[in-house]
Amino acid sequence: MIDGKKVLFSGMQATGNLTLGNYLGALKNWVTLSEEYECFYSVVDMHSITVRQDPAVLRKRARNLLTLYIAAGIDPKKNCLYYQSHVSGHAELAWILNCFTYMGELNRMTQFKDKSAKHADNINAGLFTYPVLMAADILLYQADVVPVGIDQMQHLELTRNIAERFNNIYGDVFTVPEAYIGKVGAKIMSLQDPSKKMSKSDENPNGSIYLMDDPDTIMRKCKRAVTDSEGCIAYREEQPGIRNLIDIYSACTGKTPQETVAEFDGKGYGEFKPAVAEAVISVLKPLQDEFARLSKDKAYIDGIIKENAEKASYVSTKTLRKVQRKVGFPDRVR
Ligand code: TYM
């Protein structure tokens with residue numbers, strides 16, 4: 001609890017171009033929850049270097065991502081938006097938690113398996129211990145709730161296990177966090193292959209809608225989306241392409257999938273696909289405009305970066321000192 005409010009932590013990597021999946025599965029919920037909770041939203045740049053990055057590109061993308069958080073509607077005066085690399089406690093706690101995490105647990109992580117297959121020439125130790133850094137991110141702020149898409153659930157389960165293990169040894173040190181998964185949009189699939197999640201790193205650019213795509217591109221990608229020959233708008237597993245488009249439409253309009261199905265009852269894909277595109281455009285266009293406006297205001301963004309890094313450092317140091325004491329590190333001499 002901070003000032004009587006429950007604490008929320010979440011983060012996003014500044015790697016690749018953000019997709020509609022990142023927005024609907026995470027960012028959109030962050031905005032909604034930002035009024036109710038004391039929120040820490042991090043640009044997790046330390047996670048990004050587990051795969052090789054061009055330094056100038058990473059720096060630029062990290063700044064764009066932080067700006068995007070604000071453009072999406074998160075008030076940076078009321079919520080803490082900051083770069084992970086500006087708060088040294090993340091790395092310090094991650095080291096300690098490494099000593100409370102088993103190799104077997106990390107070996108089971110599907111994201112590690114996927115990424116090692118994709119980057120076979122660079123299976124580094126950071127890629128392996130990535131979930132421990134993620135646990136440190138969350139536990140450092142004593143987060144009660146962590147809004148994420150479904151693909152991060154396994155990492156969140158591990159975080160809970162590490163927290164409980166530590167608490168069992170040393171008493172109630174960490175809050176054990178709960179995941180927050182949105183009702184619709186928690187797993188947006190590729191438009192070209194609805195068995196795969198929509199991903200920043202997809203080689204086929206038509207599979208993903210990027211947050212900065214212009215209206216024509218969005219329309220084209222939606223019209224080309226892979227569907228089936230059933231010809232009816234139904235929300236069922238046998239029609240994964242249509243099901244995904246229903247999810248996208250529903251998440252963008254605030255409707256339930258059932259309401260969307262009712263709205264398009266008796267209509268064909270030729271009518272539904274452009275409607276999905278319009279719904280996406282009406283969500284992304286204001287975001288893009290606000291992003292463009294904010295990007296020009298260097299001094300304002302710099303101010304946010306400075307203030308929020310200080311706040312995040314202050315809050316996280318409290319947990320870190322407690323943990324260091326518990327494991328037996330000597331007290332600092334003042
Ligand atoms: P990242 O950067 O891959 O994704 C950011 C958020 O977007 C969600 N997401 C999706 N949701 C729905 N459909 C999709 N197709 C889709 N693709 C991505 C993700 O679930 C995530 O919520 N390891 C994390 C970043 C992280 C983090 C943390 C998150 C680091 N520390 C602490 C929460 C708490 C990651 O790589 O997310």
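Which side chains meet in a salt bridge at 3.0 Å, N to O? Those of Glu230 and Arg236. By salt bridge I mean a side-chain nitrogen of Lys or Arg within 4 Å of a carboxyl oxygen of Asp or Glu.

A word on the basis. This is a predicted model, in which local features need pLDDT of at least 70 and side-chain atom pairs count only at pLDDT 80 or more, while totals for chains, interfaces and linings use all residues. Residues are numbered from 1 along each chain as its sequence is written, and side-chain values use heavy atoms, with hydrogens and water left out.

Back to the salt bridges. The structure holds 18 of them. For exposure, buried means under 20% relative accessible area, exposed means over 50%, and partly exposed lies in between, with a 1.4 Å probe and protein chains only. In the pair I opened with, Glu230 is partly exposed at 47%, and Arg236 is partly exposed at 30%.

Next, Glu290 and Arg293, whose side chains meet in a salt bridge at 2.9 Å, N to O. Both sit in helix α12, residues 269–295, three residues apart, so about one helical turn separates them. Helices here are DSSP runs of H or I with at least four residues, strands are runs of E with at least two, and numbering starts from the N terminus. Glu290 has 25% relative accessibility and counts as partly exposed.

Arg325 forms a salt bridge with Asp331, and their closest N and O atoms are 2.9 Å apart. Arg325 is exposed, with a relative accessible area of 54%.

Now to strand β2, residues 38–43. How many of its residues are buried? Six of six, so by the cut-off just given the strand is mostly covered. Glu38, Phe40 and Ser42 point one way from β2, and Cys39, Tyr41 and Val43 point the other way.

What pairs with β2? Two strands pair if DSSP finds at least two bridges between them. Strand β1, residues 7–12, runs parallel to β2 and is joined to it by six bridges. In that pairing, Met12 stands opposite Val43.
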